[in-house]
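Keep the 3D view open while you read.

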Amino acid sequence: MSDPQKPSIHLSFSDKYTDDHSQQYFQKHHRKKLSDRLEHRMAERALALAGNPASVLDLPCGTGRFWDMLAREPQRELLAADYSEAMLEVAARVRDPAVVRRFRLLQCSAFEITLPDHSVDCVFSIRLMHHVGESSNRIAMLKEFRRVTRDTVVLSLWVDGNYKAWRRRKLEEKRRQGGEKSDNRFIVPSAQFEQECRDAGFTIVGHVDFLPHLFMWRTYVLRKMGI
Ligand SMILES: C[S@@+](CC[C@H](N)C(=O)[O-])C[C@H]1O[C@@H](n2cnc3c(N)ncnc32)[C@H](O)[C@@H]1O
């Protein structure tokens with residue numbers, strides 16, 4: 001459970017998922033059919049690499065984009081959490097009620113998950129880590145995932161070494177010169193992130209790229225060391 005000695009970490013981007021924004025998030029991804037399908041395929045391949053875990057915590061679940069896919073395994077135990085109450089409410093409203101019933105829902109931060117140690121076989125975390133700009137905060141989040149999982153973590157983030165990352169770096173440079181603020185999304189060099197995973201107590205089982213060499217999205221599969 002949450003440790004009173006641990007400093008609490010708050011990311012400014014976390015406050016943007018209000019009622020309106022949550023509804024917009026759902027609509028946006030509902031329209032983007034092809035990229036949504038490719039992202040599901042990436043996540044499915046990553047879950048297979050993780051050994052098709054029998055219990056999964058979807059964190060952050062957002063509007064439940066991955067719930068149908070996660071629930072396809074009929075025996076799988078399912079939990080879902082998000083920092084935003086509004087996102088959880090949209091998810092419970094827009095997803096198939098039979099699927100929603102399979103999930104135990106929690107409102108909490110990924111830095112302080114309100115579950116005991118070793119609660120699930122896999123923490124499944126899509127589209128959160130690229131919002132974490134500080135290495136120390138990424139390691140803190142990874143350690144919290146390590147506490148809650150018994151075995152693996154599946155997580156996506158933006159990495160370098162591809163065309164989109166090269167384009168984005170140029171855009172960021174332009175923004176900086178124009179005095180614009182960051183949009184709170186960050187690219188991490190893959191070698192650096194892999195070291196952070198090891199520092200947090202994981203080995204890297206493998207990764208799946210959204211579209212290799214072209215896009216920034218990469219999903220890592222991590223396994224807890226020393227269990
Ligand atoms: C880009 S959405 C991704 C949601 C979902 N995984 C998906 O791919 O559709 C980011 C989500 O992170 C949640 N979030 C922001 N800060 C968080 C935190 N500290 N802990 C847990 N969830 C957080 C937001 O409420 C939002 O639902």
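The ligand takes up the space of the largest pocket. A pocket here is an open set of points on a 1 Å grid over the protein atoms alone, with protein on both sides within 12 Å along at least five of seven lines, and a molecule sits in it if more than half of its atoms lie within 2 Å of its grid points. Bear in mind that this is a predicted model, where local features need pLDDT of at least 70, side-chain atom pairs count only at pLDDT 80 or more, and totals for chains, interfaces and linings use all residues. Residues are numbered from 1 along each chain, and side-chain values use heavy atoms, leaving out hydrogens and water.

**Around the ligand**
- The ligand is surrounded by 20 residues (a heavy atom within 4 Å), and the closest are Ser14, Pro60, Arg65, Asp82 and Ala110.
- That shell splits into 13 nonpolar, four polar (Gly counts here) and three charged residues (Asp, Glu, Lys or Arg).

**Polar contacts (N or O pairs within 3.5 Å)**
- A backbone N or O atom of alanine 110 is 2.7 Å from a ligand nitrogen.
- The side chain of tyrosine 25 has an N or O atom 3.0 Å from a ligand oxygen.
- Serine 109 puts a polar side-chain atom 3.3 Å from a ligand nitrogen.

- Leucine 59 and proline 60 are joined by a cis peptide bond, with omega about 5°.
- Histidine 118 isn't a glycine, yet has a positive phi of about 55°.

Definitions and conventions
Polar contact = N/O pair within 3.5 Å; in protein donor to acceptor, adjacent residues only side chain to side chain. 1 Å grid on protein atoms, 1.4 Å probe; cavity = no way out; pocket = protein on both sides within 12 Å on 5 of 7 lines; lining within 4 Å.
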